[in-house]
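Please walk through the fold shown here, with attention to how its parts are placed.

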Amino acid sequence: DDDDDDDDDGNDDRDVIMVVTVKRVSKRKGSTIAREGDDNAADDDDVVGGDVADGAVDVEDDAARDDDDDEAGGDSGANGSYVGVRDADVGELSTQYTQRAEAQEALEGGKMSREEVDRLVAEVMRFMLFMMHKENGAPVTRTKIGECIAAAGGAGGKSRGGSYIVALAQKRFLEIFGFEMVECSKAQSRNRKQPKTVEAASAAPVKCYALRSVLPAQMRRKYVDKTEDLPERALAMVVSALVQIASGCIREDALFEQLSKLGINKDEHHPKFGDVQELLGHLVKRRVFLRERAAHDDPSQGYCFELAEGAVTLIGYENIDKFVTDVMRTQRA
């Protein structure tokens, strides 16, 4: 019986996170993603119980204070006032990318003239900007960047020469555009078919790069991020939190079961999100999520969702964990 009680408590905690998560994202991102009648959520025993309404009020009060601070100019730009957006330490990033570029220059800089280096760096930066726009922010593989350099007649085909060009592009993106050219590894599903050879199993992960703004969170919130993109970001935040709660992988049917408690139904048009399946498909294309078979050799098992490398640039793994922790802390306070 004690074990059953513990399971019930765990389920309640998860439901609390889901409801309060949506309320927080809705308030701060301009997305109304909870069902109408949230004021009566405490009466819905199928959702969470009486404590949810109190937690939701606390979240809304916090958000209201954030809005007041914004209007008064007193907000410090902390993550708490813009869910899922971090304030980067630009000085630290600048030092990091400068040192990386200098190290690569010592190894490879003598292979090319300064004019050739500048031309190739400009090509890489132009290519990254184009690809990020074309692919809606999906990370670009290192192979494609190498092909771009080679096509420009540069170091793409030379031993290690491309690493110097990429490092210098990272440094200049930060200095000129206020973008961090983030390096990440292409995610692979835990349910994928296992490699047949030792070489394939031991192969290094595919490197990818994506651009993310290093502007302070409040500047992004007020002047950069588009209002029409907020519903997608809100849904990404909620689903990311649910994936994390489910230990990094959640079955598609379980995901929609939880979303339905928030008024987000699989086969219904949502007033903010529209076609939810289509929006999730777009996030999969952006490599925010992986949608793979739950069992690669058994189609009847359906699909599951996992975080992909795009989640690093759109939200950041550390922000997802912090978000879940903050929601739980707010609820338990």
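Helix H6 (residues 161–177) lies across strands E2 and E3, at about 145° to E2. The angle is taken between N-to-C directions on a scale from 0 to 180 degrees, with axes as lines fitted to C-alpha atoms, for helices over the stretch in contact; contact means heavy atoms within 4.5 Å. Helices (H or I, at least four residues) and strands (E, at least two) are DSSP runs numbered from the N terminus.

This is a predicted model, in which local features need pLDDT of at least 70, side-chain atom pairs count only at pLDDT 80 or more, and totals for chains, interfaces and linings use all residues. Residues are numbered from 1 along each chain as its sequence is written, and side-chain values use heavy atoms, leaving out hydrogens and water.

E2 and E3 belong to an open sheet of three strands, ordered E1-E3-E2 with antiparallel pairing. Strands E1 (140–141) and E2 (179–185) form the edges, each pairing on one side only. Pairing requires at least two DSSP bridges between two strands. E1 and E3 (residues 207–213) are antiparallel and joined by two bridges; Thr-141 has Cys-208 in E3 as its bridge partner.

E3 also gives two or more residues to the lining of the largest pocket, as do helices H4 (114–134), H8 (217–224), H9 (230–245) and H12 (310–314). Of the 23 lining residues, Asn-136, Gly-137, Asp-225, Asp-229 and Arg-286 lie nearest the centre of this pocket. A pocket is an open set of points on a 1 Å grid over the protein atoms alone, where a 1.4 Å probe fits, with protein on both sides within 12 Å along at least five of seven lines; lining residues have an atom within 4 Å of a point.
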